[in-house]
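The sequence and the model come next, and the text then moves from the whole chain to its parts.

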Amino acid sequence: MDPQTIYNLIQKYKDNTASDSEKQELLDWYRSTVYKDAQFPEDEASANDYIFSRLPPQKKPRSRFFIYCNWGLAAASVIIAALGIGKFLISHEAKNTGQKQALNRRHDILPGSNKAILTLANGTKISLTDIKNGAVASQRNVRIIKLANGQLKYSFQLTDTSEQLASKTIPAVAIQYNTIETPRGGQFQIDLPDGTHVWLNAMSSIRFPLNFSSLKERRVELTGEAYFEVVHNKDLPFRVVTTSQTVEDLGTLFDVNAYSDEKRTKTTLLRGSVKLTAGNNSVVLIPGQQAETGQSITVHEADVEAAIAWKNGYFKFDDEKLEDIMRQLGRWYNINVVYQDESVRSETFGVLTTRFANISSLLNMLEQTGNVKFRISGSTVTISK
């Protein structure tokens, strides 16, 4: 889309004169520009800088006002109330600020951010939130580094012979494990010792050996949710183990959602292939498929965008129950949810919104459907009809 068209659409959006098709065109452009890969801006200023950096030179405006308009779009939400034919509500947060809302915004709740705890093989715990960039720890011949972008990287310290360096082999040692755990309201990125890149969602943990080279498999244990970009090695298979299943990489990008408070474990494949085993059953997924594991394995076409929206910095729900939506919000915003009217649990909504706005931005939009009302008190959100 050329810069003048983008500018005209933004002006129409601000003036509330854009048609539904023009709003959708602008939203599609914004999402394709910003959500290309996992970046975790922790505040509005960081998001502005990131969005600005992603624009090609011919689209960068003379002033930063254009970027603040884009952040306004990011802070907006698309809400689809499941009321028969449904209704689209597309709104700008700045507009909402001037309106009287039922929601008490004096007690707003901030979004999550990069937070995690690293547990070393000897039991030492290190807060990756507080520690400075640079060397974090060394264990045997593995160095752990916190990079400038906040993610954690494991790298070998090869100080032995040139033959070892050339073959990238490491002397065999007893297996040692590290664990990285995110709290409610946290997320983190890790480069594992084999180079596999992992995005860890809120309330999740991954346990892995320091050295894969002396093993017959690269086996990691997951609770919660993670997205994997696996460095494929046919001689050393990569396996993700949860309480209900094992996922084996066959050259893959995939997401595993294995939260204990969800009824089923979901595995979504983006690229390559995975073999999924649960009990005596196994299936091989192809890109675009999702497997759900409970008492059995079911495979269906995936909404890939929704499955990895968290990794790309936003929420996307399609006709989902309010209680399912609030479970995800609870993990990310570190909130407790109380239902004063149990019937609202089953109300269904479609939502598209950034993960980096305060919770009131999303809750206000939900309230505009007229079906639910929210009240924030401390870290508790109370929902009534």
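## Exposure and the whole chain

A residue counts as buried under 20% relative accessible area, as exposed over 50%, and as partly exposed in between. By that scale M203 is partly exposed, because its relative accessible area is 34%. The model described here is predicted.

The protein chain has 385 residues, and 49% of them count as buried. Its secondary structure consists of nine helices and 26 strands. Where contacts join residues at least 6 apart in sequence, 53% of them link residues at least 24 apart.

In soluble globular proteins, nonpolar side chains tend to be buried together. In this chain the largest nonpolar core has 40 residues. Those with the most contacts inside this core are L118, L152, Y154, I180, I190 and F228. Strand 13 supplies the largest share of the core, four residues.

One of these residues, I180, can be followed through its contacts. With neighbours within four places in sequence left aside, I180 touches A116, I117, L118, L128, L152, Y154, I190, L200, S204, S205, I206 and F208.

## Helix 9

How many residues of helix 9 are buried? Helix 9 covers residues 359-367, and nine of its nine residues are buried, so the helix is largely enclosed by the rest of the structure. The buried residues are I359, S360, S361, L362, L363, N364, M365, L366 and E367.

Strand 13 spans residues 218-229 and strand 14 spans residues 238-241; the two pair in the parallel sense over four bridges. Within this pairing, E221 has V241 of strand 14 as its bridge partner.

Strand 14 also pairs with strand 15, residues 246-249, here in the antiparallel sense and over three bridges. V240 is bridged to V247 in strand 15. Strands 14 and 15 form a hairpin, with four residues between them.

## Strands 20 and 21

Strands 20 and 21 run antiparallel and are joined by five bridges. Q290 has H300 of strand 21 as its bridge partner. A hairpin links the two strands through three residues.

Q295 sits in the loop between strand 20 and strand 21. Is Q295 buried or exposed? Its relative accessible area is 84%, over the 50% cut-off, so Q295 is exposed. Q295 and S244 are 51 residues apart in sequence, yet their C-alpha atoms are 9.1 Å apart in space.

## The largest pocket

The largest pocket holds about 710 Å³ of space. Its lining has 29 residues, and N257, E262, K266, E320 and Q328 lie nearest its centre. The elements that give two or more residues to this lining are strand 16 (253-258), strand 17 (265-271), strand 20 (289-293), strand 21 (297-301), helix 7 (304-307), strand 22 (314-321) and helix 8 (322-333).

Which element gives the largest share of the lining? Strand 22 does, with seven residues. By class, 16 of the lining residues are charged, eight are nonpolar and five are polar.

## Residues with positive phi

Two residues other than glycine have a positive phi and can be described side by side. M203 has phi near 50° and is found in the loop between strand 11 (197-200) and strand 12 (205-209). As given above, M203 is partly exposed.

D319 has phi near 55° and is found in strand 22. With a relative accessible area of 54%, D319 is exposed.

## The loop at D194

D194 lies in the loop between strand 10 (186-191) and strand 11. Which residues does D194 contact, leaving aside its neighbours within four places in sequence? The contacts are with F212, R218, V231 and F238. D194 and R218 are 24 residues apart along the chain, and 8.5 Å separates their C-alpha atoms.

Definitions and conventions. Residues numbered from 1 in each chain as written. Predicted model: local features only at pLDDT ≥ 70, side-chain atom pairs only at ≥ 80, totals over all residues. Heavy atoms only, no water. 1 Å grid on protein atoms, 1.4 Å probe; cavity = no way out; pocket = protein on both sides within 12 Å on 5 of 7 lines; lining within 4 Å. Points joined across faces, edges and corners; volume = space filled by probe spheres on them. Nonpolar A, V, L, I, M, F, W, Y, C, P; charged D, E, K, R; others polar. Pairing = 2+ DSSP bridges. Core = buried A, V, L, I, M, F, W, Y, C linked by side-chain atoms within 4.5 Å. Buried < 20%, exposed > 50% of the residue type's maximum accessible area, 1.4 Å probe, protein only. Contact = heavy atoms within 4.5 Å.
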